[in-house]
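Work through the exercises below with the sequence and the model side by side. Each task is followed by a stepwise solution.

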Amino acid sequence: MQRLDYELTNDDYVAFNQHAAVTAPALVGQARRVRVAGTVVVPVVAGLGLWVLERDPVQALFVAAVGAAVVWFSWPPIQRATTAVQLKRMSAATGLGRTGPTTLVWDDHWITESASATQASVGWERLDRVEETPQHVFLFVGPLEGLVVPKRAGVGASELARYARERIAGR
């Protein structure tokens, strides 16, 4: 049995949710649809509006093309910034998860997280994916659900990530 002890903070949950927002397949698909729709709708409306006002097709096409480029290239940073602001606001108002001293133990059958008078155990078969950032290991057990392990917990966090990937690969 392996064990990690660490302190979970609201910032850890903000990092988890920001990461999930740009990696979870459902959210990535939604962001792509919004980006494509905006890239089509904004220029069409702007181009048609200009066409109605000026009756100049070259100017209308130029404005539509510029509008499409602006929406296409500006959407990802706008989405990231908006997500960050919303998560910070939610974190400050209500918190995003269990914070405080946390213990994570794992063996060949389970991963168990104990924190703030709660305990959750997950069988390895429920593990969907393992993702790492420079500061965290995220063990996803659903599209938007997972265990957050800060790398400040020590070398054991990287060992856990390696072990979890082996468990997924061995299925």
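**Exercise 1.** Which residue's side chain does the side chain of Thr-112 join in a polar contact, and at what distance?

Solution. First, the ground rules. This is a predicted model, in which local features need pLDDT of at least 70, side-chain atom pairs count only at pLDDT 80 or more, and totals for chains, interfaces and linings use all residues. Residues are numbered from 1 along each chain as its sequence is written, and side-chain values use heavy atoms, with hydrogens and water left out.

Step 1. Find the partner. The side chain of Thr-112 meets that of Ser-121 in a polar contact of 2.8 Å. A polar contact is a pair of N or O atoms within 3.5 Å; within protein, one must be able to donate a hydrogen and the other to accept it, and residues adjacent in sequence count only if both atoms are side-chain atoms.

Step 2. Thr-112 sits in strand β3, residues 110-115. Helices (H or I, at least four residues) and strands (E, at least two) are DSSP runs, numbered from the N terminus.

Step 3. Check burial. Thr-112 has a relative accessible area of 11%, so the residue is buried. The classes are buried under 20% relative accessible area, exposed over 50% and partly exposed in between (1.4 Å probe, protein chains only).

Step 4. List the surroundings. Neighbours within four places in sequence aside, Thr-112 is in contact with Thr-103, Leu-104, Val-105, Gln-119, Ala-120 and Ser-121. Contact means heavy atoms within 4.5 Å.

**Exercise 2.** Which members of the largest nonpolar core touch the most other members?

Solution. Step 1. Define the set. A nonpolar core consists of buried Ala, Val, Leu, Ile, Met, Phe, Trp, Tyr and Cys residues joined through side-chain atoms within 4.5 Å.

Step 1. The largest core has 27 residues, and Leu-4, Leu-104, Trp-106, Trp-124, Leu-139, Val-149 and Leu-160 touch the most other members.

Step 2. Trace the elements. Two or more residues each come from β1 (2-8), α1 (10-23), β2 (100-106), β6 (136-140), β7 (146-150) and α4 (155-169). The largest share, 5 residues, is from α4.

Step 3. Beyond four places in sequence, Trp-106 touches Met-1, Gln-2, Arg-3, Leu-4, Ile-111, Trp-124, Gly-156, Leu-160 and Tyr-163.

**Exercise 3.** In what order do the 3 strands of the open sheet run?

Solution. Step 1. Read the order. The sheet is β5-β6-β7, with antiparallel pairing. Two strands pair if DSSP finds at least two bridges between them.

Step 1. Find the edges. β5 and β7 each have a single partner strand, so one side of each lacks a neighbour in the sheet.

Step 2. Examine one pairing. β6 and β7 pair over 5 bridges. Phe-140 has Gly-146 in β7 as its bridge partner.

Step 3. α1 lies across β5, β6 and β7, at about 60° to β6. α4 packs on the sheet and touches β5, β6 and β7, its direction making about 150° with that of β5. Axes are lines fitted to C-alpha atoms, for helices over the stretch in contact, and angles run from 0 to 180 degrees between N-to-C directions.
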